[in-house]
Amino acid sequence: ERALGYSDYHARDDMTVLVANVEENKNTGEKKMYKDTLQKVKRFMTETGMLQNCSEIILGVSGGPDSMTMLHILNELRDEFGYRLRVVHVNHGIRGKEALRDQQMVEKICSEWKIPCAVYNYDVPALALSWKMGTEEAGRKVRRIAFEKEKENAVAIPEQVRVALAHNQNDMAETMLITWPGEPGSGASAR
């Protein structure tokens, strides 16, 4: 049970292990899959121009497989594309020890990779009651607050800062919010 070389983190699914151990499992097809994915990301970033005039990327990293994959890939590409990374981790106060384990893993990796990491702790269930909304909506709201705070702390000028959130096609609510007309990306969650 190793994810990114840390035995104290228990992978939640095979994707975390696949991404994390890609360099250790040279006798399998995983390294080729990782290299192919890396090339697709590079090509997409180049073709879309998404990093034009970008000097800093703020990543939403929960410790789940989607966001850990994003962190790993963007860290690997940062010298080539010339951007700085900053990580935001939000602990929603819902999953107890499991959430704390995720938080500690994200902090440890960021420390080892020399990436600034800001952790925001919220009692989302209490906030949801106070704000008279569901916990998912309150969770999106606190993540949005955390990202706005981190954008204020960015080293780059605001026009050169990007926010990167990892999500997959099964995240329907986030997909709708990311593509919602008028306010793209508002409320999308990091995974």
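Trainee: Where is Lys132 placed, and why is it called exposed?

Mentor: Keeping in mind that this is a predicted model, you will find Lys132 in the loop between α5 (124-131) and α6 (135-153). Its relative accessibility is 74%, and because the word exposed is used for values over 50%, Lys132 counts as exposed. Its phi is near 55°, a positive value in a residue other than glycine.

Trainee: What makes Lys114 exposed?

Mentor: Lys114, in the loop between α4 (96-112) and β3 (117-121), has a relative accessible area of 70%, and since the cut-off for exposed is over 50%, Lys114 is therefore exposed. For Lys114, too, phi is near 55°, which is a positive value in a residue other than glycine.

Trainee: Is Tyr83 buried or exposed, and how do you know?

Mentor: Tyr83 has a relative accessible area of 5%, and because buried means under 20%, Tyr83 is buried. Tyr83 is found in the loop between α3 (65-81) and β2 (84-91), and, leaving aside neighbours within four places in sequence, Tyr83 is in contact with residues including Met45, Leu51, Cys54, Ile57, Leu74 and Leu77. The C-alpha atoms of Tyr83 and Asn53, which are 30 residues apart along the chain, are separated by 9.6 Å.

Trainee: Why is Arg140 called buried?

Mentor: The relative accessibility of Arg140 is 16%, and as buried means under 20%, Arg140 counts as buried. Arg140 is found in helix α6, and its C-alpha atom is separated by 9.7 Å from that of Val124, 16 residues apart along the chain.

Trainee: What makes α5 roughly perpendicular to α6?

Mentor: The two helices, α5 and α6, pack at an angle of about 105°, with their axes 9 Å apart. Because angles from 65 to 115 degrees count as roughly perpendicular, α5 is described as roughly perpendicular to α6. The contact is made by residues of both helices, among them Val124, Leu127 and Trp131 of α5, and Ala138, Lys141 and Ile145 of α6.

Trainee: How do you know that Lys141 lies over the face of Trp131?

Mentor: Lys141 is 4.2 Å from the ring centre of Trp131, which can be set against the limit of within 6 Å; a charge over a ring must also be within 35 degrees of the ring normal, and Lys141 is listed as lying over the face of Trp131.

Trainee: How many aromatic pairs are found in the whole structure?

Mentor: A search of the whole structure finds zero aromatic pairs.

Note on methods:
Residues are numbered from 1 along each chain as its sequence is written. This is a predicted model: local features need pLDDT of at least 70, side-chain atom pairs count only at pLDDT 80 or more; totals for chains, interfaces and linings use all residues. Side-chain values use heavy atoms; hydrogens and water are left out. Helices (H or I, at least four residues) and strands (E, at least two) are DSSP runs, numbered from the N terminus. Buried means under 20% relative accessible area, exposed over 50%, partly exposed in between (1.4 Å probe, protein chains only). Rings of Phe, Tyr and Trp (its six-membered ring) pair if their centres lie within 6.5 Å; planes under 30 degrees apart count as stacked, over 60 as edge-to-face and the rest as tilted. Axes are lines fitted to C-alpha atoms, for helices over the stretch in contact, and angles run from 0 to 180 degrees between N-to-C directions. Angles under 35 degrees count as roughly parallel, over 145 as roughly antiparallel, 65 to 115 as roughly perpendicular and the rest as oblique. Contact means heavy atoms within 4.5 Å.
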